[in-house]
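Here's a short tour for anyone meeting this structure for the first time. Have a look at the sequence and the model, then read on.

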Amino acid sequence: MMPVFNSKTAELLSHHQVEIKQEFPREGWVEQDPKEILQSVYECIEKTCEKLGQLNIDISNIKAIGVSNQRETTVVWDKLTGEPLYNAVVWLDLRTQSTVEKLSKRIPGNNNFVKSKTGLPLSTYFSAVKLRWLLDNVKKVQEAVEENRALFGTIDSWLIWSLTGGINGGVHCTDVTNASRTMLFNIHSLEWDKELCEFFGIPMEILPNVRSSSEIYGLMKAGALEGVPISGCLGDQSAALVGQMCFQDGQAKNTYGTGCFLLCNTGHKCVFSEHGLLTTVAYKLGRDKPVYYALEGSVAIAGAVIRWLRDNLGIIKSSEEIEKLAKEVGTSYGCYFVPAFSGLYAPYWEPSARGIICGLTQFTNKCHIAFAALEAVCFQTREILDAMNRDCGIPLSHLQVDGGMTSNKILMQLQADILYIPVVKPSMPETTALGAAMAAGAAEGVGVWSLEPEDLSAVTMERFEPQINAEESEIRYSTWKKAVMKSIGWVTTQSPESGKLFFIGYY
C-alpha cells in the first residue's frame, strides 16, 4: 500500500494497493516471498505517481518517504547477491513451537532475563525464534552466515536496504520499534543485547543498525522517486499509535487488521504487565528525542477470521459480505467462535489452544456464524482492554480504533456494546500509513511536518455509543470466556505436521 499525504492538512491525496500472497507450505507455517513484497512496493510507487500525475500534482513535491511494516516477520538475505535466502517467515507462523520449548527450559525460573530485558514472553511470535529456526534448518542460511554474507532484518530492514541501493551501498538499519519485537533488543538501553544474542545463538554481525523512528536513513536509488529521503520507519502498530496522535500518557488505540493490536502509551517509563500484556517501544521520533513505551495486547486472529470464512469455508465471497450476513440475524443466537488458529496470544499466551465454534443448534446457520466471528473480534479486544485497565489502574474512557475492519459498522457497534464504552473512529482509516508519513515528514533535514500538538490538524471522528444494557453485555462476555476455556489444551500430542506442542506457562 502506498498512500500520499499532504503534510499541512494530513489529508490523503492518493494511494495504490496490492495484495501480497501468503503461502502455507505446511500446517501452521506462514510465509511470504520477500521479492514479491519488494516488487509490490515498486509497483505501488509507480502507480501512485501515475495517479498523482492525473491529479496534476508534480511528484517533485514528494519530500520524504516513511516505511511501516508488519512486525516480527523475519527475512535473511545475501548481501552480495541481494537474494533472499528463504521466504519471509511471517509473525503468525507456528513452526518454532519446539524451538520455544527447548529455549524455555534454559531460562532460570527465578530470573526471566529474556522478559525483563525485552518486555516479551518467549513465544513463536517474535523474530529471534524464527531466526534460530532458519539457522537450524536452512542450509543456505547457515552457509551465508559462515561466509559472512548474511543479513537479517524484519520487513522494514529488507525494504530500506533494497530501496537505498541493495548490493550497491544499501543501508542496513531498523528502528527501535521494530527492534523491540525481535527478542534480541534491550528496551532499556535501546541496543542489541549480547546476552540475548548468545542465548538464542544469533551472530550480532547479521543484525541491522538500530536508529530512531524519524531520521534520514538514506535516499531512494531508483524509480520515480529517486533521490527522495527515506526518513520514517515504524512497526505498523507504533505507526498507528502515532497516526492516531496518541502522544499522551494513557492514550490508546486498537487496530483491526489480520490480528488486533491494542496499544496504550505509557510515556517514558516501561510498565511491566501482570496480566499477559507486552511491554514494547512505542516510538522515538528523532535521534535526540526521548523514547516512549507502550503496553500492548496482541490478538493473533481478527481480520484473518473473515478471510478464513471467505477462503476456507466459502460462506462469503468478499470480506464486505460478512456485514450483510450478520445484519440479517442481528445475533449469534448463542453461537460462540474462538478463532485460536495460531494458539491464543494475549492475555493467555497459550500455544495449545485451537479454534472452536460452539453452542450450535439445528437452528444455527451461516449468518449466526458470521455474527459470532465479528463478536469474537470484539470479545478478544475486551479481554485485552480488561488486562490493560488492571495494569494501568486507569480505565479507558473511550477506545480509538483504526484499520481495514473498522469500515464494518456492525463490528464497530458490537465493539462499543461489548466494551460498554464509546468507540471513536477517524474518518480517514489509514492511520498506520499516516503515522509513518508523520515520522518521515518530521525528520531532521526534512522538516515538512510539525508534531507540535497545536499544529496537528483536528481529525474528524465518528462515534459509536454502547446501545445494550450492561448486564446483557456481561452475560455474553462471561459465556465467551467459557468458550475460550474449551479451546485451551486442544493440542497435547505429537503430530508430524506441527511438531511437538506444549503447555508453556509464561506468566
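## Ground rules

Helices (H or I, at least four residues) and strands (E, at least two) are DSSP runs, numbered from the N terminus. This is a predicted model, where local features need pLDDT of at least 70 and side-chain atom pairs count only at pLDDT 80 or more, while totals for chains, interfaces and linings use all residues. Residues are numbered from 1 along each chain as its sequence is written, and side-chain values use heavy atoms, with hydrogens and water left out.

## The annotated stretch

Residues 253–443 are 36% helix and 21% strand, with the end C-alpha atoms 24 Å apart. An unreviewed UniProt entry labels 253–443 "domain: Carbohydrate kinase FGGY C-terminal"; such annotations may be inferred rather than shown by experiment, and positions follow the numbering used here, with feature names shortened.

## The sheet

Seven strands make an open, mixed sheet, ordered β16-β17-β15-β14-β20-β21-β22 (strands pair if DSSP finds at least two bridges between them). β16 (278–283) and β22 (461–464) each have a single partner strand, so one side of each has no neighbour in the sheet. From one strand to the next, the twist averages 30° (angles run from 0 to 180 degrees between N-to-C directions, with axes fitted to C-alpha atoms, for helices over the stretch in contact).

β16 pairs with β17 (residues 292–299) in the antiparallel sense over five bridges, and Leu278 sits opposite Glu296 in β17.

## Helices on the sheet

Helix α12 (residues 366–392) touches β14, β15, β17 and β20, and its direction makes about 145° with that of β17 (contact means heavy atoms within 4.5 Å). Helix α13 (residues 409–419) lies across β14, β20, β21 and β22, at about 55° to β22.

## Confidence

The protein chain averages a pLDDT of 91 (the predictor's confidence in each residue, from 0 to 100). Over residues 494–507, though, pLDDT stays under 50. Where pLDDT is low, the predicted coordinates should not be read in detail.
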